Every structure is written in structure tokens, then in C-alpha cells.
Amino acid sequence: TFGNFDDRNDEIGQEFRLRITKEYKDRYGKKQKESVVEITKITSEDIKSLEIAFKAALEFAEKPDGWLVFLGTSGCGKTHFLASIGNYRLSSGSPAILADVPDLLDYLRATFSSSVVSYQQRISEVKTTPLLLLDSLGKGQPSAWGVEKLYQILNYRYYKKLPTVIASHLTLEEMETEYSVLASRLLDTN
């Protein structure tokens with residue numbers, strides 16, 4: 001919740017271990033990824049960024065309108081913001097769906113073999129929910145099918161102007177490269 005969020009002011013100057021994935025081309029020109037751990041120190045700028053994100057999340061929770069996208073490294077509070085927004089809306093009686101993107105795609109894929117609930121019912125629920133909160137966009141390697149389904153969901157919500165919150169560890173540049181078809185929707189400020 002917003003009430004139990006830690007502003008982390010007491011962490012300025014402390015070391016923070018961050019696992020990042022670096023992409024490079026091998027000697028044959030093929031893209032490779034390598035996971036490395038970097039040690040960095042938490043700065044006052046990091047805390048200021050956290051404060052700005054907290055205020056944006058709270059304002060969005062009070063009056064969900066448009067899209068809100070959180071980009072940042074692992075452990076910076078993105079998932080806490082999503083859960084806080086979702087809990088705030090649920091406590092005021094408004095429906096919301098919070099889903100981890102890889103889990104959501106697995107869930108949708110599983111409906112193909114379900115006789116109880118159809119794929120069309122499930123994707124319609126996700127597309128039309130009054131508030132959709134998607135966590136971990138960019139986690140794992142989505143298939144072309146997965147990217148297509150995300151595009152269908154986000155494109156629908158974009159045109160219907162339905163409140164949507166997305167969290168990702170990707171940078172803007174990575175988002176535009178790895179999810180070019182989605183980036184136009186995610187990064188549109190209109």
C-alpha cells in the first residue's frame with residue numbers, strides 16, 4: 001500500500017547490488033546477452049526520482065486517467081507502486097487487474113486448451129478491465145505471439161483511453177528496440 005511504502009531516505013550512500021543484462025554482439029555479429037552484477041551507491045537523485053514516482057502513483061490511484069509507465073532497475077519500487085495503485089482502487093470499490101506479463105501470457109495461452117473459459121473471454125476481461133496494471137514487461141524473451149497479444153491488449157486500451165499502468169526494467173532505448181510495436185503506444189504522451 002502507499003501507507004507502508006519506504007521513502008528510503010536513510011539509504012543514501014549505501015551500496016546497492018544490481019543484476020543487469022548487457023547485450024553485445026559476438027565476433028560473428030550475433031546478439032548475445034550476459035548477466036552481470038554491478039555495485040552502485042544510492043544517491044539523493046535516486047531518492048528524488050523515487051519521490052516523484054511515488055507522487056505520480058498516488059495521483060494516478062486517486063484519479064486514474066491515461067497511462068503511467070514506470071521504468072527502472074530491479075528493486076527500485078515499481079512493483080510496490082503497481083500493487084499500491086491496485087489496492088487503492090480495490091479498496092474504493094473499483095475493479096482492477098494486476099498481472100505479471102509473462103504469467104499473463106501463460107494464462108492466456110492456457111485458455112486455448114480450457115473448455116471452461118475461452119480465450120476470447122479472458123482476453124476481453126484483460127482488455128476491458130477498468131484498470132490494468134502490468135508488471136515485468138520485458139522479463140524473459142516473449143514470442144512473436146506474446147508480443148502480438150500484448151499489442152492487441154494495449155492497442156485496445158489505448159484507443160478506448162482506459163487507465164493502464166506498466167512497469168518494466170527496460171530503458172527507453174531497450175523498450176523501443178525490443179518492443180518497437182508496443183513502444184509507440186507506451187510512450188505516446190497524448
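Where is the place of D7? D7 sits in the segment before β1 (15-25). Keep in mind as you explore that this is a predicted model.

## Aromatic rings

Let's turn to the rings. Four aromatic pairs turn up when the whole structure is searched. One of the pairs joins Y158 and Y159, whose ring centres are 5.3 Å apart; their planes meet at 80 degrees, so this pair is edge-to-face.

How exposed are the two partners? Y158 is partly exposed, at 21% relative accessible area, while Y159 is exposed, at 57%.

Elsewhere, look for F54, F70 and F81: ring pairs link these residues into a cluster.

Most residues other than glycine have a negative phi. S136 is not a glycine, yet its phi is positive, near 65 degrees. You can find S136 in strand β5 (residues 132-137). S136 counts as buried, because its relative accessibility is 15% and the cut-off for buried is under 20%.

K161 is another non-glycine residue with a positive phi, here about 55 degrees. K161 lies in the loop between α5 (144-160) and β6 (164-168). Is K161 buried or exposed? K161 is exposed, with a relative accessible area of 64%.

Technical notes:
Residues are numbered from 1 along each chain as its sequence is written. This is a predicted model: local features need pLDDT of at least 70, side-chain atom pairs count only at pLDDT 80 or more; totals for chains, interfaces and linings use all residues. Side-chain values use heavy atoms; hydrogens and water are left out. Rings of Phe, Tyr and Trp (its six-membered ring) pair if their centres lie within 6.5 Å; planes under 30 degrees apart count as stacked, over 60 as edge-to-face and the rest as tilted. Buried means under 20% relative accessible area, exposed over 50%, partly exposed in between (1.4 Å probe, protein chains only). Helices (H or I, at least four residues) and strands (E, at least two) are DSSP runs, numbered from the N terminus.
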